[in-house]
Amino acid sequence: MDAKLQSQVLIESLPYLRKFHGETVVIKYGGHAMKDEALKAAFARNIALLKLVGIHPVVVHGGGPQIGNMLEKLEIRSEFREGLRVTDDATMNVVEMVLVGSVNKDIVNQINRAGARAVGLSGKDGMLLHAEKKAMVVTRENQPPEIIDLGNVGRVTRVETTLIFSLMKDGFVPVIAPVGVDDEGHTYNINADAVAGAVAGALRARRLIMLTDVAGVLDPEGKLIQSIRVEDAAGLYENGTVTGGMIPKLNCCIDAIEQGVEKVMIVDGRVENCVLLELLTDQGVGTEIVGEER
């Protein structure tokens, strides 16, 4: 980017820099953006720039493919039920090792190299993510309900925000792995989208940005839906516009809105600098989810 274009981009971004100065923005980081080296570096620069201009980013990351690769190397059989990984004790050990170890520390290292100061956390640190075992009941037409035991798969029951606020106050970027713990010390594997939504809600974040491997929510013709109101989501489920993995993702977005997040954006993480483009431009690059007018 030449100097003239850089200056123009900076000028156009100034109103948004003022708008979000001092505000908290939670970013759920996952998908292809975590695997492509150029996108990883760009993401880290985006986070460092947000911190530099006085915005407080908090990163929650996934790591499903990395977990799958390690399980395969260790010859540990992995099973999915209703889109969720069944997590026995052996699998949980690998999940924690990969997410809290290699994946989390790689993200921290990338952000540090980009010029910010990042700190890696799991839900165990300071009892950050209180969790309980996730109950899964599946109902199918003309069949009795089926109770599925997912093992050590959990759901967030409470987020302890003190540690996160303390780190942000001292100039650090919290990077959170989606591993939770209950009062008895049992460890749980938790869906990263759900953790991002819970963290954003607990922090009363101004924005939650969910990076995905699609452009956003698409209409039946495959065109991007730029804005969805919470009260209209049910209709999108019923008419088949939102299906498959986008259903739980949109549900997490709605939960975050209902917990006090002003706006949630589902963004294509394959687009370089997507975080800055979504947050600091008029049009953005994804689908926004908004609640009722206040």
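Because the model is predicted, local features need pLDDT of at least 70 and side-chain atom pairs count only at pLDDT 80 or more, while totals for chains, interfaces and linings use all residues. Residues are numbered from 1 along each chain as its sequence is written, and side-chain values use heavy atoms, with hydrogens and water left out.

Eight strands make up an open sheet of mixed pairing, in the order β5-β10-β2-β1-β13-β15-β16-β14. Helices (H or I, at least four residues) and strands (E, at least two) are DSSP runs, numbered from the N terminus. Two strands count as paired if DSSP finds at least two bridges between them. The edges are β5 (118-122) and β14 (227-229); each has a single partner strand, so one side of each is left without a neighbour in the sheet. From one strand to the next the twist averages 20°. Such angles run from 0 to 180 degrees between N-to-C directions, and axes are lines fitted to C-alpha atoms, for helices over the stretch in contact.

Buried means under 20% relative accessible area, exposed over 50%, and partly exposed in between (1.4 Å probe, protein chains only). T24, V26 and K28 point one way from β1, V25, I27 and Y29 point the other way, and all are buried. β1 runs parallel to β2, joined to it by six bridges, and T24 stands opposite H56 in β2.

β10 pairs with β2 in the parallel sense over two bridges, where V59 stands opposite V175. Five bridges join β10 to β5, also in parallel, and L121 stands opposite I176.

Elsewhere in the sheet, β15 (residues 263-268) and β16 (residues 287-290) pair in the antiparallel sense over four bridges. V264 stands opposite I289 in β16.

Now the helices. Helix α2 (residues 37-52) lies across β1, β2, β10 and β13, and runs at about 150° to β2. The axes of α6 (residues 192-203) and α8 (residues 246-258) come within 8 Å and cross at roughly 10°. α6 and α8 are therefore roughly parallel to each other; angles under 35 degrees count as roughly parallel, over 145 as roughly antiparallel, 65 to 115 as roughly perpendicular and the rest as oblique. D193, A194 and G197 in α6 meet K249, C252 and A256 in α8, where contact means heavy atoms within 4.5 Å. These residues divide into three nonpolar, one polar and two charged. Ala, Val, Leu, Ile, Met, Phe, Trp, Tyr, Cys and Pro count as nonpolar, Asp, Glu, Lys and Arg as charged, and the others, Gly among them, as polar.

The last stop is T161, in the loop between β9 (154-159) and α5 (162-169). At 17% relative accessibility T161 counts as buried. Leaving out residues up to four places away in sequence, T161 touches A202 and L203.
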